[in-house]
Amino acid sequence: MRTQSKVRLTRSGDRIAGTMADGVVILVPKAKPTNVTIGQMRTVFRGIKREAASGRFIEKAVDKPFRK
Amino acid sequence: MLRSVDRDIFINCPFDQGYLPLFRATIFTVLRSGFTARCALEVDDGGDNRFSKICRIIAECRLGVHDISRTETDGEPPLPRFNMPFELGLFLGAAKLGGPKQKRKQCIIFDTERFRFQRYISDIAGQDIHAHGSDPERIIRELAGWLRDHSGDRAVPGGAVIAADYQAFTNALPAACRSRDLDPSEITFGDFNAMCVGYLTG
């Protein structure tokens, strides 16, 4: 049975997205995404990091403007 | 520990293609340092005019990152854009004339060269003005040091660590876009924030 994950908050009420290895708390952004979710991107980047660690090539990024 | 409102940072900078590498580096640095990035791109509410939206975001942010480097003229007849100096003025005005909460505002101001502003906006002399030289790594290093001072959190890393993290993130970004069938031109401000947070916490 699926249960809703508990949202973690800082003492000041900010929503916590995660904590870095160095202890910095990463907060959930106020800006709402339209094409992706943080959960999706977390899964995607985990896979990319795993592939990079195993030696698979990652191409260089090309900057494109934000849609306004 | 800073209060909730103190984690929001108002980003006042150009949103065009030429500035994009610096804009993205700024957002990543803000998020990696444990803050949240706020700017006029964050909401698409037709009922909220742009000026009201900017005023509301400025009122909610204690810290501000302003870039007044875009002084070039554009279009026909060639004219410069005044949005960034205008929003800097709003921020400084709120800090100077607002209530106790607004008076706590602090900001960092970027230009391409440190003392160039004296030729076109000399009234801001005495503010905390830094040069980025149009270099994303330099803006990361300058901003990270400033954020570290204002975070009250000794865990916040310095610019060298964040610049290395950002390089790894930008290398992974095209593959991430492809995996979501997302053209890089379709990435909104909200999407980029989610991508940064997904990368940092993934």
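Which residues have the most contacts inside the largest nonpolar core? In this predicted model, in which local features need pLDDT of at least 70, side-chain atom pairs count only at pLDDT 80 or more, and totals for chains, interfaces and linings use all residues, side-chain values use heavy atoms, with hydrogens and water left out. Residues are numbered from 1 along each chain as its sequence is written, while chains are lettered from A and ligands numbered from 1 in the order in which they are written.

The largest nonpolar core has 57 residues, and those with the most contacts inside it are A:F45, B:I11, B:F23, B:F169 and B:M195. A nonpolar core is here a set of buried Ala, Val, Leu, Ile, Met, Phe, Trp, Tyr and Cys residues joined through side-chain atoms within 4.5 Å; buried means under 20% relative accessible area, exposed means over 50%, and partly exposed lies in between, with a 1.4 Å probe and protein chains only. Two or more residues each are given to this core by α1 of chain A and, in chain B, by β1 (8–12), α1, β3 (63–67), β4 (106–111), α4, α5 and α6, where helices (H or I, at least four residues) and strands (E, at least two) are DSSP runs numbered from the N terminus. The largest share of the core, 9 residues, comes from α5(B). Apart from this core lies another, of 15 residues, among them B:I68, B:L88, B:F91 and B:I129. In soluble globular proteins, nonpolar side chains tend to be buried together.

Helix α5 of chain B, residues 159–179, has 21 residues and reaches 30 Å from its first C-alpha to its last, close to the 30 Å expected at 1.5 Å a residue; the expected span is 1.5 Å times one less than the number of residues. A kink of about 35 degrees lies at B:L173, shortly before the proline B:P174, the bend at a residue being the angle between axes fitted to the seven residues ending there and the seven starting there. Among the buried residues of α5(B) are B:I162, B:Y166, B:F169, B:L173 and B:C177. The buried residues of this helix pack against α1 (38–53) of chain A, and against α1 (20–32), α4 (136–151) and α6 (189–201) of chain B. Leaving aside its neighbours within four places in sequence, B:M195 is in contact (heavy atoms within 4.5 Å) with A:V36, A:M41, A:F45, B:F169, B:L173, B:C177, B:L182 and B:I187.

Aromatic rings were also examined. Rings of Phe, Tyr and Trp (its six-membered ring) pair if their centres lie within 6.5 Å, and planes under 30 degrees apart count as stacked, over 60 as edge-to-face and the rest as tilted. The structure holds 11 aromatic pairs over all chains. One of them, formed by B:F28 and B:Y166, is tilted, with 5.3 Å centre to centre and 55 degrees between the planes; this pair links distant parts of the chain, with B:F28 in helix α1 and B:Y166 in helix α5 of chain B, 138 residues apart. B:F28 counts as buried at 0% relative accessibility, and B:Y166 counts as buried at 8%. The rings of B:Y166 and B:F169 have their centres 6.3 Å apart and their planes at 40 degrees, so this pair is tilted. Being 3 residues apart in helix α5 of chain B, B:Y166 and B:F169 are separated by about one helical turn. One aromatic cluster is formed by A:F45, B:F28, B:Y166, B:F169, B:F192 and B:Y199.

Several loop residues of chain B complete the description. B:D181, in the loop between α5 and α6, has a positive phi of about 50 degrees although it is not a glycine, and B:D181 counts as exposed at 72% relative accessibility. B:T188, found in the loop between α5 and α6 of chain B, counts as buried at 10% relative accessibility, and a polar atom of its side chain lies 3.1 Å from the backbone nitrogen of B:D191. B:S134, in the loop between β5 (129–131) and α4, has a positive phi of about 60 degrees although it is not a glycine, and B:S134 is partly exposed, with a relative accessible area of 47%. The peptide bond from B:E76 to B:P77 is cis, with omega near 0 degrees, and B:P77 lies in the loop between β3 and α3 (83–97). Most residues other than glycine have a negative phi, and most peptide bonds are trans.

Conventions
Polar contact = N/O pair within 3.5 Å; in protein donor to acceptor, adjacent residues only side chain to side chain.
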